[in-house]
Amino acid sequence: MAAFTARAGRPPGLGIVLVGDDPASHLYVNAKIKSAAETGLHADCSQLPASASLPELLAVVERLNQSEVHDGILVQSPLPDSMGADAERRVFDVVRPDKDVDGFHPVNVGKLVQNRAPLVACTPSGVIEMLERSQIAIAGARAAVIGRSDIVGKPMALLLMHRNATVTICHSRTANLPRVTSQADILVTAMGRAGFVTPDFVKPGAAVVDVGTTQVTDRAVVERLFAPGSKRRDAFGRRGSLVVGDVHPDVANVAGALSPVPGGVGPLTIALLLRNTLRAAEERLAAR
Ligand code: NAP
């Protein structure tokens, strides 16, 4: 960051757009702004009310597209239902590809398919970073990804394939899911189903990366997952809610490595967002 700031005469800039009052979205955006400030990156947030229309949102994105001081643009999900079912896709389509630090623009997705994307979706990139830093061999490994969304599952599978894993993509229509996933040396779960992945889904010794995050308020779910007297159950007793991953805690007895929720993929996603913003800033500076 410091080297870019010295060369450019300003820090890399990230423009975040937040629509509505979803408390979780506000928390995520605050975490991103705080992390940016800690690394010397400038991040600001344009807020729109939940009643804002899609054209109003697109106008804010267009302003950031034209801005000289914003190198990256992030529109926080989810958008209000009133904007329509395809609102997120329409927003991704108008963000300038060279400022698309989420890696969701079709141009960047197409380049990812060809293994030449300058900006790649942050969460799957964070998973790769986690596997590589944990020295888990990807090349030659069998990998299974549960989830096929545009923002996590599909780019995740592509990144693993580009690193020479043999990848199976699983989804809600996959027949006999545990039989498929228990073949995998690397299992990435991105479903959003609290504690769904039980030990029978996992090959003994496999590396399991839990991307799922579900806010649980149902006591019965917490009691199914966490033993009486455990820290997590006590935390639920105090707060009345708990953030839980897709992976059942008993998987820790089978897996060779397991990422925690919270505290695993989430913080890495933010780190990769900042790295993408710096990359976008450097590319724009070099293109001048
Ligand atoms: P999504 O768009 O809802 O996709 C969920 C995927 O899971 C779909 O492909 C769905 O299959 C599959 N699925 C659902 N139930 C299933 C079942 N019973 N068996 C097999 N597959 C099933 O969600 P997303 O946006 O990809 O996010 C996934 C999770 O990751 C969520 O919990 C989200 O909060 C979390 N997330 C975390 C971060 C982070 O920074 N930590 C970032 C992004 C997302 P179909 O396609 O057949 O419906």
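Helices (H or I, at least four residues) and strands (E, at least two) are DSSP runs, numbered from the N terminus.

1. The model is predicted: local features need pLDDT of at least 70, side-chain atom pairs count only at pLDDT 80 or more, and totals for chains, interfaces and linings use all residues. Residues are numbered from 1 along each chain as its sequence is written, and side-chain values use heavy atoms, with hydrogens and water left out.

2. Asn164 sits in the loop between helix H7 (153-162) and strand E5 (166-170). Its phi is near 75 degrees, a positive value in a residue other than glycine. Most residues other than glycine have a negative phi, and most peptide bonds are trans.

3. Two cis peptide bonds deserve a look. One runs from Ser77 to Pro78, with omega near -5 degrees; Pro78 belongs to the loop between strand E3 (72-75) and helix H4 (87-94). Another joins Val261 to Pro262, with omega near -5 degrees, and Pro262 is placed in the loop between strand E10 (257-258) and H11.

4. Helix H11 (residues 265-286) also meets helix H2 (residues 23-39): their axes come within 10 Å and cross at roughly 55 degrees. Axes here are lines fitted to C-alpha atoms, for helices over the stretch in contact, and angles run from 0 to 180 degrees between N-to-C directions. H2 is therefore oblique to H11 (under 35 degrees counts as roughly parallel, over 145 as roughly antiparallel, 65 to 115 as roughly perpendicular and the rest as oblique).

5. The ligand is surrounded by 20 residues, the closest being Arg148, Ser149, Ser172, Arg193 and Thr213; a residue counts if one of its heavy atoms lies within 4 Å. The protein buries 70% of the 930 Å² that the ligand exposes when taken alone (accessible areas by the Shrake-Rupley method, 1.4 Å probe).
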